Structure formats: structure tokens, C-alpha cells
Amino acid sequence: AHQWRGVIEEYRDLLHIPEQTPTVTLREGGTPLVESRWLSGLTGAEVWLKVEGNNPTGSFKDRGMTVALSVAVGEGAKAVVCASTGNTSASMAAYAAAAGITPLVLVPQGKIAAGKMAQAVLHGAQVIQVRGNFDDCLRMCRTLAEDYPVALVNSVNPMRIEGQKTAAFEIVDMLGDAPDFHVLPVGNAGNITAYWKGYCEYAEAGVSTKHPTMLGWQAAGAAPLVAGAPVAEPETVASAIRIGNPASWDAAVAAATESGGAFRSVTDEQILAAQRELAARDGVFVEPASAAGVAGMLLEHAEGRDLGGSRVVVTVTGHGLKDIDTALSTFSDLVDVVVDADTDAAAAAAGLR
Ligand code: F0G
């Protein structure tokens, strides 16, 4: 019987990695494109969700991590390090466990979602909480990797981008061509860089006939690419994208500019509303940061942007179960309905009679 082999084996010929690279995989990638009946109906476009929460550790990071860890292992690394707002650390820890090497993680203290912390810890990472933000953690990790025998696997490592570009390949493979628009949340800006690389490579190879317009969405309190300058104290409920000085700044700006796209921002309220509506209307539960692109589509629809007749892919980057505290915090009214163990009482509370 056939099963999806993971992004290295599925796309090895298209990855620019050393030839003898071993494969450390958890069978990541091959994630579903789910048509959003809600967003398609609302906008008149054909809107697809690339559901990256279906990856092994629940986010798109696994695509980059299989490649970064495999190359690191091929080069003899015994330990890996990353800075993270949560998902990168969860992914790195899992792949390090699979590879049998040591994971070291630096995270902003008190600012990563509980599910992600649980993943990093259970996969065996040494987790160091830093009194600072993600940008501080990344700066520290860069120095650690220079001074000590630990390989850096943040997206400043080009192998991460190599792996993550496979999401664009999968989309073109599924749809038969590139979409007209690609919408996604942006934090450290590695993912928009990777998608653009993937789309460009497929167009150059003649697999696709066009490039999508790239629309990157940031949280209003952490929107350096919108402001055009780093943000010293980024703040947002979407902790995954609470980043003030994205590492892939130039490549991300190039992706937006070359594609005719843009960076824009949505408020925390818009993000949480989009998260909630996506879950309730389409059945797709994503974490807050992952809803930024959906919130952006809603905002542009409300502003009157006409996407009718076009084909749109929205990447939803991470699973809703990553951060249930934030999800439930908007719902205390509904989870607090309690009745005695009595069917009539339940029926009454449910409004059935
Ligand atoms: N969505 C989620 C769920 C993320 O975890 C991230 C980044 C992004 C979007 C933004 O992607 O950084 O490539 O622009 N999370 C990183 C982390 C920073 O440490 O997990 P980006």
C-alpha cells in the first residue's frame, strides 16, 4: 500500500540539498486543500484553504524542519537550536527526537501557547524561557550557533525555506496551475519567502503558467512590514506572529513587490472573529495567528475589493488545538451551560422544547 512519503522523498529532485542527505521525516506535507464554502460564497472567488495544521506537529513548520534536520544530521550535528514563538520549537523538538539528537529551544517567557510548550517538553527539548521577545531569542540563538556546536534551524537557515516551498508545489500539483492570489499570515516572514520561491521555481520549470499575487497579513500590534520599520515591542493575541523584526525581511518584501502584492494588518479582534467564524462555518479549527489571512480576506471584502471569478489559496498555518486557552477565552458563556443528569433539563437548556 502507498502512503505519502514526506516532502523530501516526494520532491527530492526539486530540493537544493546536498546529494547524500539522509531523510529524517514524520511524513509531513501532503496536506489537504479544503474549499472554503463560506469564503467562496461570500467573495464570489474560488477560495481554497491549505490546511497546514494537518502536519505531524500541527503546523507548516514540519516542512522546513524535515529538511533542516536532515541536512544538519547529514553534516554531523549532534544538537540543534531555535528561537520560537512556539511552533518552530514544537516541530524542531519532534524531528530532533526522530533523529536522535538534542533539541535546545529559546522562547519568550510566558508568551507561547500551552499546547506548543507541551509538545516541546514532551519531545524532549531543553526549553529556556527568555525575559524578552522572539527577536531577542533569535539574536541569542544566532550567537549560540556561532560559539557552540549546535546547528541553528530557524528560517535564517536556507534549508528551512527549501522545505517550506513544497507547499506551493503541492498547491500547483493539486489545482493544475498557480492560484491568482495567495493569502497568508506573516511573522518572521520565512513562509511567504518560501511560497514565493516555490511558485517561481514551478513557473520557471513550466509546471505552472503564472505567479500568484502574494498578500501577507500581520497583526496590527506586530506589523513591521506594514510600517516599513521594525517594531520594538510587538504585541498581539496571535502569539505565533508576535515578531517585531522579521529575519526574512528583504526576501518577503521582494515576494510582495515582484508579485504585485502587499503587506497589510488586521486587529486582534478581527483575527479572533475570523478564527471563530472559520471554525463554525467551514469546520476548520486554526490557531489565532493562522486566522490572520482569513481576517484579511474579510477586511478586503468589507472594503469592496472584488475577487469574483478568481482563484484564491489561503494558508491556515497551524492547528486550533495548539492554543485552546485563547480560543475558549472568547467562549466562556457557551461552555458554562450545566444541567443535572436529566434529559428534560438538557432538552430545555438546548432550546429543544
Ligand atoms: N502562523 C503560525 C501558526 C506560526 O507559527 C508562524 C510563525 C507564522 C504563521 C508566521 O510564519 O514566521 O514564516 O512568517 N511561527 C514561528 C515560530 C515564528 O517560532 O513558530 P513566518
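Predicted model: local features only at pLDDT ≥ 70, side-chain atom pairs only at ≥ 80, totals over all residues.
Visitor: What makes the chain as compact as a globular protein of its length?

Guide: Start with the secondary structure, which comes to 16 helices and ten strands. The radius of gyration is 20 Å, and the globule rule gives 20 Å for 353 residues, so the chain is as compact as a globular protein of that length. Along the principal axes, the C-alpha atoms fill a box of roughly 65 × 50 × 45 Å. As for burial, 54% of the 353 residues count as buried. Among contacts with a separation of 6 or more, 71% are between residues 24 or more positions apart.

Visitor: Why is Ile8 called buried?

Guide: A residue is buried if 20 or more other C-beta atoms lie within 10 Å of its own. Ile8 has 24 of them within that distance, so Ile8 is buried. You will find Ile8 in helix α1 (residues 7-11). Leaving aside residues up to four places away in sequence, Ile8 touches Leu15, Thr23, Thr25, Thr66, Val67 and Ser70. Arg37, on the other hand, is 29 residues away along the chain, and its C-alpha atom is 32 Å from that of Ile8.

Visitor: How do you know that strand β2 is largely enclosed by the rest of the structure?

Guide: By going through its residues, 46-51: five of the six are buried, so β2 is largely enclosed. Its pairing gives more of the picture. β1 (residues 33-35) runs antiparallel to β2 and is joined to it by three bridges, with Val34 opposite Leu49. β10 (residues 311-316) pairs with β2 in the parallel sense over six bridges, and there Leu49 has Val314 as its bridge partner.

Visitor: What makes the pairing in the six-stranded sheet mixed, and where are its edges?

Guide: Strands of a sheet can pair either parallel or antiparallel. This open sheet has the order β1-β2-β10-β7-β8-β9, and its pairing is mixed. β1 and β9 (262-266) each have a single partner strand, so one side of each has no neighbour in the sheet, and these two stand at the edges. From one strand to the next, the twist averages 25 degrees. Further along the sheet, β7 (residues 181-185) and β8 (residues 213-219) pair in the parallel sense over five bridges, and Pro185 stands opposite Trp217 in β8. Helix α11 (residues 249-259) lies across β8 and β9, at about 135 degrees to β8.

Visitor: Why are helices α3 and α4 called oblique to each other?

Guide: Two packed helices are described by the angle between their axes and the distance between the axes. The axes of α3 (residues 61-74) and α4 (residues 87-99) come within 9 Å and cross at roughly 45 degrees. Angles under 35 degrees count as roughly parallel and 65 to 115 as roughly perpendicular; the α3 and α4 pair is therefore oblique. The crossing is right-handed. Residues that meet there include Met65, Leu69 and Val73 in α3, and Met92, Tyr95 and Ala99 in α4.

Visitor: What makes helix α8 mostly covered?

Guide: Seven of the ten residues of α8 (residues 166-175) are buried. They are Thr166, Ala167, Ala168, Phe169, Glu170, Ile171 and Val172. After α8 comes Gly176, with a positive phi near 90 degrees.

Definitions and conventions
Residues numbered from 1 in each chain as written. Buried ≥ 20, exposed ≤ 12 C-beta atoms within 10 Å, placed from the backbone. Helix = DSSP H or I, 4+ residues; strand = E, 2+ residues; numbered from the N terminus. Pairing = 2+ DSSP bridges. Axes fitted to C-alpha atoms, helices over the stretch in contact; angles between N-to-C directions. Contact = placed C-beta atoms within 7 Å. Rg over C-alpha atoms; globule rule 2.2 N^0.38 Å. Parallel < 35°, antiparallel > 145°, perpendicular 65-115°, else oblique. Left-handed = near helix turned anticlockwise from the far one by under 90°.
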